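Let's take a friendly walk through a protein model, one piece at a time. Have a look at the sequence and the 3D view before reading on.

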Amino acid sequence: MASAHRPLVIGHRGAPGYLPEHSLESYRLALRQGVDALETDVVMTRDGVMVLRHENELSRTTDVASRLEFAERRTTKVISGKKWTGWFTEDFTFSELLSLGAPTNSQPIITLDTLLLLVADESQRRGRRVGLHVEVKHPTYFASIGLPVTETLLQILADHGVDAWNSLPGLPTQRLWLQSFDEAWVREMSTRTDLPLVQLVDKKWGAVDCAEIATYAQAIGPKKSMVRKKGQPPTGLADEAHRHGLLVFVWTLKAGRDQANRLFEAGVDGVFADYPNRPIAALADITQVQTA
């Protein structure tokens, strides 16, 4: 492993390879499997509640499409440059969202407050700080429709005493990180908070300017193939990021130990995983070899 410390395993929306994403059961399973941190995505409701969803469009993860009382709320929007048709969190109150079920089960929609309480409880029970990565979805869009995502987020974190997490000893990412694909928002947050920031990047970015990102963020979050493709040597992105003082958290591992090992060898500092036990097992193998 080229990383200066043991890479972290981060439960991507919990452990969604096994249980429904963004459910308390999924997050608890990830913790039982031994993750260093959890990852979540947040969006806003009409009445300003921050809830956990991968996207603000609801039809993929709820039964809203079958609910006749909400049929008239189906609409088409352009969000972050992409056209979407469906039902959206910002058109529902939190109370209305709670009435929705999932397509195949009754997993309730939960809030960021609820997850922060879970993380605090589990940290105390386990005697170590469980980390948390919060991905803010479409913050510029939410601000444009009058939903103050930044202010709401910062207030929630302040209410939970998250600023104190940064002063705790331990691995560099055993604390709370804020992240987004929205570059303008990440730049803005660098002036609004001392919490560490991750600039998420995808292939559509083209060449990633690590020197520039280092002026406003503390890490990059690239797609895994941007760091290393199967059967090929590392691309050099992780090394370039490290040269500029950035950590590297890659998304999203779904395969087994071999894929995890390839990324660890490329020098990543952490991996977002749908099956967290797989990269955890890979790290255990590496540790066993190193101590043999």
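What covers the buried residues of α3? The cover includes α1 (24-33), β2 (37-44), β3 (50-52), β6 (131-136), α5 (149-159) and β7 (176-180). Helices (H or I, at least four residues) and strands (E, at least two) are DSSP runs, numbered from the N terminus.

## About the model

This is a predicted model, in which local features need pLDDT of at least 70, side-chain atom pairs count only at pLDDT 80 or more, and totals for chains, interfaces and linings use all residues. Residues are numbered from 1 along each chain as its sequence is written, and side-chain values use heavy atoms, with hydrogens and water left out.

The protein chain has an average pLDDT (the predictor's confidence in each residue, from 0 to 100) of 90, and 91% of the residues score at least 70. Confidence is highest in strand β9 (residues 219-222), at 98, and lowest in helix α11 (residues 277-291), at a mean of 78.

## Helix α3 and its two sides

Helix α3 has 15 residues (112-126) and should span 21 Å at 1.5 Å a residue; its end C-alpha atoms are 21 Å apart, which agrees. The expected span is 1.5 Å times one less than the number of residues.

Buried means under 20% relative accessible area, exposed over 50%, and partly exposed in between (1.4 Å probe, protein chains only). The buried residues of α3 are L112, L115, L116, L118, V119, E122 and S123. Seen down the axis of α3, they fall within an arc of 160°, so they line one face of the helix; the arc is that of the directions from the helix axis to the C-beta atoms. An α-helix has 3.6 residues a turn, so residues three or four places apart point the same way. On the other side of α3, Q124 and R125 are exposed. Just after α3, G127 takes a positive phi of about 70°.

β6 runs parallel to β2, joined by six bridges, and T40 stands opposite V134 in β6. β6 also pairs with β7 in the parallel sense, over four bridges; here H133 stands opposite W177 in β7. Two strands pair if DSSP finds at least two bridges between them.

Terms used:
Contact = heavy atoms within 4.5 Å.
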